[in-house]
Amino acid sequence: MSDINISALAVGETLPERSHTATNVSLFLYNAIIWNPHRIHYDETYTTQVEKHPGVVIDGPLQGDWLNQVVLNWMGDSGTLTRFNYSNRRASYLGETLTSGGVITAVDPAAKTVDMDIFIKNEKGDVITPGTAQVRFS
Amino acid sequence: MSELISEDARSWIGRSGEPQRIEINRSDIVKYAIATEQRQEKYLKGDEAPPMFMYGALRPLVPMDELGPDGISVDKFLPELPLKRVMAGGTEMTFHRTVHPGDVIVATRSLSDIIEKQGSTGPLIFVVYDLRVETEAGELVMEERQTRILR
């Protein structure tokens, strides 16, 4: 994380990727702090037998946070996140390692804004949670 | 045109829920930052809330007997609809101000739309909510449009 100069940024430039491997412990802590008691995030027997998922489900909003962090960790205190959207297109299960990343899609030096596409990919390389973000540089 | 959405369900469009008032505290931010594996000191020390912290802070707090056997509380801010399985759809957020320990925020959710669509595996109903989060003094913090998909 370092100071970013908007005039040095170009469309197509990528943001650093990061891999995320959720564990039973990390999912427990996440669901505890967001106060989410849905059993598909910690009760494997229930999840596979009753809701018929292949495994414990990695929360969609947790992937949303990881998407956020692609942007936040890249820009540090050089800018502010102003807009963010994402959608969970496909479920992801405990044991999978996911990769987050992004690419710059627009740079507006006059407005001091940068737009980007951000993504969570599974191990096969499929984008399971796409999103977009806009940041404003100070 | 709309076979699944009754007139009664449609009458919910435009309604707002009870405003939710929340006091932001540092230890909740620290716990959230650890669980989401944040890397910045301001989040890990709880000086500032990561943007998505608000998602957890605004989740419903209901007594144990209002939780179903699946662990989910029934969202009463949803009309009677014939599809019951709920999936999180997309969400769009606009951030106006960061959140810090000691802030008192007020969040109001409105049901903005109910849309029927044909998915690849059958009919779907999209329920759209607009969330407006302000400080107690009325300063806008964030706005969010959430879509919930019923199948």
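Mentor: Residues are numbered from 1 along each chain as its sequence is written, and chains are lettered from A, with ligands numbered from 1, in the order in which they are written. Since the model is predicted, local features need pLDDT of at least 70 and side-chain atom pairs count only at pLDDT 80 or more, while totals for chains, interfaces and linings use all residues; side-chain values use heavy atoms, with hydrogens and water left out.

Trainee: What makes up the secondary structure of chain A?

Mentor: Chain A has 3 helices and 5 strands. Helices (H or I, at least four residues) and strands (E, at least two) are DSSP runs, numbered from the N terminus. Along the sequence, the pattern of chain A reads β-α-α-α-β-β-β-β.

Trainee: And which pattern does chain B follow?

Mentor: Chain B reads α-β-α-α-α-β-β-β-β, with 4 helices and 5 strands. Its C-alpha atoms fill a box of roughly 50 × 35 × 30 Å along the principal axes. For chain A the box is roughly 55 × 30 × 20 Å.

Trainee: Why is L83(B) called buried?

Mentor: Buried means under 20% relative accessible area, exposed means over 50%, and partly exposed is in between (1.4 Å probe, protein chains only). L83(B) has a relative accessible area of 14%, so it counts as buried. It lies in the loop between helix 4 and strand 2 (86-95) of chain B.

Trainee: Which residues is L83(B) in contact with?

Mentor: Contact means heavy atoms within 4.5 Å. Leaving aside neighbours within four places in sequence, L83(B) is in contact with L4(B), P123(B), L124(B), I125(B), L150(B) and R151(B). The C-alpha atoms of L83(B) and I125(B) are separated by 7.3 Å, although these residues are 42 apart along the chain.

Trainee: Is T135(B) buried or exposed, and how do you know?

Mentor: The relative accessibility of T135(B) is 8%, which is under 20%, so T135(B) is buried. T135(B) sits in strand 4 (residues 122-135) of chain B. Not counting residues up to four places away in sequence, T135(B) touches R97(B), V104(B), I105(B) and V141(B).

Trainee: Why is K112(A) called partly exposed?

Mentor: Its relative accessible area of 38% falls between 20% and 50%, so K112(A) is partly exposed. K112(A) is in the loop between strand 3 (97-108) and strand 4 (113-121) of chain A. Phi of K112(A) is near 60°, a positive value in a residue other than glycine.

Trainee: How much of each chain counts as buried?

Mentor: In chain A, 53% of the 138 residues count as buried. In chain B, 40% of the 151 residues do.

Trainee: Why do the buried residues of helix 2 of chain B line one face?

Mentor: In helix 2 (residues 26-35) of chain B, the residues I29(B), Y32(B), A33(B) and A35(B) are buried. Seen down the helix axis, the buried residues fall within an arc of 165°, so they line one face of the helix. The arc is that of the directions from the helix axis to the C-beta atoms. These buried residues pack against helix 1 (24-33) and helix 3 of chain A, and also against helix 3 (41-44) and helix 4 (53-57) of chain B.

Trainee: What makes a set of residues a nonpolar core?

Mentor: A nonpolar core is a set of buried Ala, Val, Leu, Ile, Met, Phe, Trp, Tyr and Cys residues joined through side-chain atoms within 4.5 Å. The largest one here has 53 residues, and W74(A) and F84(A) have the most contacts inside it. Helix 3 (residues 60-75) of chain A gives the most to this core, with 8 residues. Apart from this core lies another, of 12 residues, among them L81(B), L111(B), I125(B) and L150(B).

Trainee: Which residues does F84(A) contact?

Mentor: Beyond its neighbours within four places in sequence, the contacts of F84(A) include G64(A), L67(A) and I118(A), as well as M52(B), M93(B) and F95(B).
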